[in-house]
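Hello,

Here is the structure I promised to pass on to you. Have a look at it first, and then read on for a short tour of what turned up.

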Amino acid sequence: MEFAELIKTPRADNVVLHRPFYLAVEGTLCLTGHHLIFSSRRQDNAEELWLLHSNIDSIEKRFVGSLGTIIIKCKDLRVIQLDIPGMEECLNIASSIEALSTLDSVTLMYPFFYRPMFEIVEDGWRSFLPDQEFELLSSVTDEWRMSCINKEYSVCSSYPPVVIVPKSIDDEALRKVAMFRHGSRFPVLSYYHKKNGMVMMRSSQPLTGTNGRRCKEDEKLINATLRPGKRGYIIDTRSLNIAQQARAKGGGFEQEAHYPQWRRIHKCIERFNILQESLIKLVEACNDQSHNMDRWLSKLEASNWLTHIKEILTAACLAAQCIDRASVLVHGTEGTDSTLQVTSLAQIILDPRCRTIRGFESLVVREWLQAGHPFQQRCAQSAYSNSKQKWEAPVFLLFLDCVWQILRQFPCSFEFNEQFLIMLFEHAYASQFGTFLGNNENERSKLKLPQKTMSLWSWVNRTEELTKFQNPLYEANSLVIWPSVAPQSLQLWEGVFLRWNRPSKFLDEAHEEMINIIKYNKELQAKVNALRRQLAEMETDDRMQENL
Amino acid sequence: LCHFFAQVENVRLLDRLSSRKAALGTLYLTATHVIFVENGSETRKEIWVLHSQISSIEKQATTATGCPLLIRCKNFQVIQLVIPQERDCHDIYISLIRLARPVKYEELYCFSFNPKLDKEEREQGWKLVDLNEEYNRMGIPNNYWQISDVNRDYGVCDSYPTEVYVPKSATAHIIVGSSKFRSRRRFPALSYYCKDNHASICRSSQPLSGFSARCLEDEQMLQAIRKANPGSNFIYVVDTRPKLNAMANRAAGKGYENEDNYSNIKFQFIGIENIHVMRNSLQKMLEVCELKSPSMSDFLWGLENSGWLKHIKAIMDAGIFIAKAVAEEGVSVLVHCSDGWDRTAQVCSVASLLLDPYYRTMKGFMVLIEKDWVSFGHKFNHRYGNLDGDPKEISPVIDQFIECVWQLMEQFPCAFEFNERFLIHIQHHIYSCQFGNFLCNSQKERRELKIQERTYSLWAHLWKNRADYLNPLYRSDHSQTQGTLHPRMAPCNFLYKFWSGMYNRFEKGLHPRQSVTDYLMAVKEETQQLEEELEVLRERLANLQESQLNDNKVKSKQQERSKQLGLSTSNNSLANTPQEYSNDLKSFPSRSPSQGDEEDSALILTQDNLKSSDPDLSANSDQESGVEDLSCRSPSGGGCLPSEDSGKDSDEAVFLAV
């Protein structure tokens, strides 16, 4: 298919762009296969806006006489308005945008066409390989092995080819366990807590069904992670009620009788359309320009967004707390959503490595991309969509929001800043990079993403970009950081949800000032050290001369 | 120590969020404080509470473990004690009821508080804030405004100061005439003057207009205010009450200005609720803060239901309206409510703060409170219940103003010279009665009591410790520092937040565990030391180069010193322990060995330990006892223990105890 077929009016002049807190700008609008480009003619301050079609969540059109107006609502939550003279031009442009922003085929997406304008120092597709992780693990324990059982994605389509499992469990047993777990997602290692050798595993629900089916290999597998005579925790991210209902559909949970060494804790984390609706309501509240305080608070409350944040964080803290004294298995139903929220947040709390930029990237790769979080389905639409598909849900955004909440409570313990999290949110929904395309490793390899597209990490991990995402306050903190989950401690993530609704100038300036204060301090430090050295040398010389 | 009125052993201090974290200790009652000292000499956790901070004492039903006593404080501390013997509890309760409600000013702490300053230092302290100097700074007196002595001896209005600034064309006759037409004779007087465009903010009480009454002098007074601003042909009259309230006042012979009777005024209502509504609103919000493990919905619903943020926004909106009129339209504004000492003070000071960067400095903020609140007769004694009085007079009027400032600080992080701690300490001392500044209801009463001769000024105290109160992001040449602040009005543009730093002040577990402010302050302090050292080193280098042949110098201690400079996070550490994230964990038999590993808890920079010199939060730092105040660092928060406790109160025990 040629994009040109979809673009009847590739260019329109005298278009006026409206954005909150900016003066309206007149300029030229151009449509390309993947971008909407607006450039102002003002010579003093020429300005260009490039918008990926895939970033467009919904568009509305209105007409007053022959002047058409298109309101574009983006997945990164910004809303812009374009006034386009000429009914026909406007209609053409609107229908082109509509078509181009809802392309069916992944291979037509921009990452397959994007040619990087920067030098590639490191191929991000090879930055975080399972072997490296396993090597790290092997240096502290020999109780685990890498299994290639899923090499051709033959056992579990949503798992990566290589997984880490207890050494004592052979591939034959794994195959049997896979039959006993939803979507074949058998328990695998998620995190090894060096301090005490406890581990966190994740899986999907066991397929016990109504007649209480059991699987000896499954029991053996998870028991293999326990220390002799010790017990472990199973954190089920569903309420007991929902877990019980799941039995009717063949699913279920670990029965006490068959897993006597495990204590099951149910922590309800919502999924799917409940989350999507929550996001839609929250963003609607954030865009409400009324001056009414009660309305704002009640809409914020009714959106339940912060309730979800609190639920997820609480479950993650609980998981982290359990690992402090026992091994843990986390699962919900499929083990691709709430499970990953819990396992990844628990690691941020426990493991200082995950609070570095590289460590966090590695976490996203391991616990989200390789673990098979269906990004393409979940992030297909954002807060302005009308499609109401069951599989769309801001699961990853909620995770990022939770990270932001912890970052806010421990502002000196993270190597990255808020912008880093916002950047990941943007790229998960629309990107020139292939990283978040596809729903799992299987799909990604079929799409040949590593060969055909550029990795986000190739771009981010360059010094120029990294400096934007570094937290000036960072001081490595090797300890566990326990966040507060009290409502008073959780806040609306303004950086995402009010980003386009408030002038950010003052907060940006504050950030800049912060950087300057620290930069100046470091410069002085360097100067003082240099002088000290110089003095010491001179004094030594002096002494030597004296001794002579 | 001091003379104890009472001393009770084996009292348990409960942690509001975790029943397992009770501390056992001794309760002391002195003439000025309630003191709890934990048993065991190592940690010596102490809580000191001034009697004047106590807002309510509740004796609850006796249980098997003892008799619970709940003390709520005006600085939002909540103390839950369990006293073994019912009779002891009753005695303490009765004593506290009496001690918390003094009937004479002389009983207040400021009359016995002695920071060991000599007379001269005390007098200097009182001179730190000088309102005449402030009006001079504004450019007054000038061709349009003058100081009037019409109220010398408080003859015209006993709640006004002796020195009042009025338009030059307002004669004594006009002023006196106008005062007779205003509630409590609070005639229009100058609060703020903008020398760039001559626009001003004046304040008064409501006119006694009833349904039709007029007063020529009052009309002339407003005319005079308009004339004092040659750039504008009208003035705004802002009534900060809801219209209904103002109309109801007419029946009592009071009310509001009739536009037809006054030439060239534009009349405007900006509805801010009265003190009773505000008192109830705060009460409701505090109930929300006190909820045990509330859900997000409980909290947000409760917050909305309290209406607190709505009221804060109303005050801010009024301030924004006035600042806009003055700065952008160049129009003078007369502000009043009923008596002109509550809402009027709030609104005038918010507007001044938005308009003039000076009020956003530490000194300027002191001046602002002195000007709009203290001198104009805000009834501190009645509103903050310093002496036993009518509970219906109590209302968090200045608390709301202080919160408005905090909300602005959150949106304009570089615009204020002071930090959040400064606001919190001012709030604290408005209630503490440790300093004389906020005693009584008017200047007249304060002069009669000879406050300045008998007590100390808070401003001098804060000024002395100003290093603790600096906002590290403030720079006097920064663009945010200049000119008028323009906050947005819709909640989605200007996010009004719940201020947990104030209302959950003593629950450290709810606050960010690392403070950006404190971190930056430490960096800046280090920077300053580095600058000094650099200077010294350069000098030495120059000397050394100059006198290569001379004997080498005595080794300096520079290197040792520089080691101490490093920002060590582990020295300034706070053990960070988890909250209770699940009830399910309790019942799981603890068979795993306790891994109460020290290093398990985060050691980090926090507000408390960086500011180990947290000044006088419980008003006892200057006590002769020499017992250091630890109350402000008490671990009343949800699972957040200060480092000194971490050793013995291992968090493991907390989470797996059966």
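Let me begin with chain B, which has 23 helices and 14 strands. Please keep in mind throughout that this is a predicted model. Of the 658 residues in chain B, 60% count as buried. Its accessible surface comes to about 25500 Å², and carbon and sulfur atoms account for 48% of that area. Looking at contacts in chain B between residues at least 6 apart in sequence, you will find that 72% join residues at least 24 apart.

Now for chain A, where there are 20 helices and 14 strands. This chain has 548 residues, of which 61% count as buried. The accessible surface of chain A is about 21600 Å², with 51% belonging to carbon and sulfur atoms. Among its contacts between residues at least 6 apart in sequence, 69% link residues at least 24 apart.

What about the overall form of chain A? The C-alpha trace spans about 95 × 80 × 50 Å along its principal axes. A compact globule of 548 residues would have a radius of gyration near 24 Å, and the 26 Å found for chain A agrees with that. As for charge, chain A carries 64 positive and 67 negative side chains, and the centres of these two sets lie 7 Å apart.

Next, the interior. In soluble globular proteins, nonpolar side chains tend to be buried together. Here the largest nonpolar core has 234 residues, and those with the most contacts inside it are Phe360(A), Phe497(A), Phe365(B) and Tyr503(B). Helix H9 of chain A, residues 305-323, supplies the largest share of this core, with 13 residues. Apart from this core lies another one of 30 residues, which includes Ala178(A), Leu189(A), Met201(A) and Ile222(A).

Which residues does Tyr503(B) touch, not counting those up to four places away in sequence? The list is Phe76(B), Leu282(B), Met285(B), Leu286(B), Cys289(B), Trp308(B), Asp399(B), Glu403(B) and Phe498(B).

Is Arg238(A) buried or exposed? Arg238(A) is buried, because its relative accessible area is 4% and the cut-off for buried is under 20%. You will find Arg238(A) in the loop between strand S12 (232-236) and helix H6 (240-248) of chain A. Leaving out residues up to four places away in sequence, Arg238(A) touches Gln205(A), Ala243(A), Ala246(A), Gly252(A), Phe253(A), His266(A), Lys267(A), Cys268(A), His331(A), Gly332(A) and Thr333(A). Ile280(A) is 42 residues from Arg238(A) along the chain, and their C-alpha atoms are separated by 23 Å.

Over in chain B, Gly307(B) sits in the loop between helix H8 (296-306) and helix H9 (308-329). Gly307(B) is buried, with a relative accessible area of 5%. Its C-alpha atom is separated by 8.5 Å from that of Lys284(B), 23 residues apart along the chain.

Asn543(B) belongs to helix H19 of chain B, residues 516-546. Asn543(B) is partly exposed, at a relative accessible area of 36%. Between the C-alpha atoms of Asn543(B) and Glu123(B), which are 420 residues apart along the chain, the separation is 46 Å.

Finally, a few points about the backbone. Most residues other than glycine have a negative phi, and most peptide bonds are trans.

- Asn14(A) has a positive phi of about 55 degrees although it is not a glycine. It is found in strand S1 of chain A, residues 11-18, and is partly exposed, with a relative accessible area of 41%.
- Asp153(B), also not a glycine, has a positive phi near 65 degrees. It lies in the loop between S8 and strand S9 (164-167) of chain B, and is exposed, with a relative accessible area of 63%.
- The peptide bond from Ile140(B) to Pro141(B) is cis, with omega near 5 degrees. Pro141(B) lies in the loop between helix H3 (131-138) and strand S8 (145-148) of chain B.

Enjoy exploring the structure, and do write back with any questions.

Best wishes

How values were computed. Residues are numbered from 1 along each chain as its sequence is written. Chains are lettered from A and ligands numbered from 1 in the order in which they are written. This is a predicted model: local features need pLDDT of at least 70, side-chain atom pairs count only at pLDDT 80 or more; totals for chains, interfaces and linings use all residues. Side-chain values use heavy atoms; hydrogens and water are left out. Helices (H or I, at least four residues) and strands (E, at least two) are DSSP runs, numbered from the N terminus. The radius of gyration is taken over C-alpha atoms; the globule rule is 2.2 Å times the number of residues to the power 0.38. Buried means under 20% relative accessible area, exposed over 50%, partly exposed in between (1.4 Å probe, protein chains only). Contact means heavy atoms within 4.5 Å. Accessible areas come from the Shrake-Rupley method with a 1.4 Å probe; for residues, only the protein chains shown count as cover. Lys and Arg count as positive and Asp and Glu as negative; His and the chain ends are not counted. The place of a charge is taken as NZ of Lys, CZ of Arg, CG of Asp or CD of Glu. A nonpolar core is a set of buried Ala, Val, Leu, Ile, Met, Phe, Trp, Tyr and Cys residues joined through side-chain atoms within 4.5 Å.
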